[in-house]
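Me: I am new to this structure and would like to know what lies behind the terms. Could you show it and take me through them?

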Amino acid sequence: MAPTPAGNRRARVHVVSDVHGNARDLARAGDGADALICLGDLVLFLDYADHSRGIFPDLFGAENADRIVALRTARRYEEAREFGARLWAGIDGDRAGLIEQAVRKQYAEMFAAFPTPTYATYGNVDMPPLWPEYAGPGTTVLDGERAEIGGWVFGFVGGGLRTPMRTPYEISDEEYAAKIEAVGEVDVLCTHIPPEVPELVYDTVARRFERGSRALLDAIRRTRPRYSLFGHVHQPLVRRMRIGATECVNVGHFAGSGKPWALQW
């Protein structure tokens with residue numbers, strides 16, 4: 001990575017989100033930047049583009065992964081949960097323990113790939129209690145907190161809102177809004193999920209609206225950060241738009257692109 005900016009030299013950060021197991025490209029994501037920012041979803045439970053990849057097919061096979069993806073895509077969430085429960089009933093061992101073991105294996109690889117310095121927050125499929133075990137001295141984990149990078153103030157809010165998918169780090173609207181409020185006025189507002197704007201939350205491949213945050217949208221309008229950066233929606237209808245004075249950017253599905261989004265000032 002580049003040295004920390006000094007004097008009048010321009011600062012540059014690279015931003016990634018939805019890494020989903022792509023450690024190879026993550027190891028190069030900070031090249032040429034003063035810092036890397038990661039907006040979460042390090043874990044790969046199930047790759048909707050390649051159903052043979054992830055924790056779910058490792059445990060149950062690609063055919064069962066095909067089936068659960070089809071049910072979820074059709075929004076038949078209750079059937080998907082019942083199907084998943086039947087699969088788990090046929091597995092020897094503790095469900096939570098097996099998932100944690102698989103997540104730990106992925107986290108060891110992901111955190112080892114982070115360059116120094118990295119500023120990271122959680123995605124909705126992440127498991128926050130495990131992060132302190134893997135985040136090294138060069139990685140700063142923030143959630144509802146701020147950090148100064150190159151003279152600008154960055155605010156970080158991780159996780160997602162509650163959905164029928166019941167991913168590991170989903171929280172209530174009230175808890176999420178409190179974290180947004182705690183961050184306050186910043187130059188760059190970094191979140192995993194987007195503000196609740198139809199064009200930003202609609203996934204054109206999954207053909208569904210993901211959950212965005214109304215509290216985040218209100219904060220953007222009220223505090224007018226220079227940028228609002230987020231991920232979560234892998235194939236959004238719109239990747240970039242302005243809300244008042246704020247440039248809102250989906251930094252992309254890093255697992256698929258392998259390329260960070262660059263911010264320079």
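Reply: Happy to! E78 and R81 are both in helix α4 (residues 77–89), three residues apart, about one turn of the helix. Here helices (H or I, at least four residues) and strands (E, at least two) are DSSP runs, numbered from the N terminus. This is a predicted model, in which local features need pLDDT of at least 70 and side-chain atom pairs count only at pLDDT 80 or more, while totals for chains, interfaces and linings use all residues. Residues are numbered from 1 along each chain as its sequence is written, and side-chain values use heavy atoms, with hydrogens and water left out.

Me: Why are strand β9 and strand β12 said to pair?

Reply: Two strands pair if DSSP finds at least two bridges between them. Strand β9 (residues 188–191) and strand β12 (residues 227–230) have three bridges, in the parallel sense, and therefore they count as paired. In this pairing, V188 stands opposite Y227 in β12.

Me: Which sheet do these strands belong to, and in what order do its strands run?

Reply: Six strands form an open sheet with mixed pairing, in the order β5-β6-β9-β12-β14-β13. β5 (145–149) and β13 (240–243) are called edge strands because each pairs on one side only.

Me: How do you know that there is a cavity, and what lines the largest one?

Reply: On a 1 Å grid over the protein atoms alone, a cavity is a set of points where a 1.4 Å probe fits but cannot get out, and lining residues have an atom within 4 Å of a point. Grid points are joined across faces, edges and corners, and a volume is the space filled by probe spheres set on the points. By this rule the count comes to one cavity of 30 Å³ or more. The largest cavity has a volume of about 30 Å³, and I180, G184, L189, A219, R222 and T223 line the largest cavity. Helix α9 (residues 214–223) gives the largest share of that lining, three residues.

How values were computed
1 Å grid on protein atoms, 1.4 Å probe; cavity = no way out; pocket = protein on both sides within 12 Å on 5 of 7 lines; lining within 4 Å.
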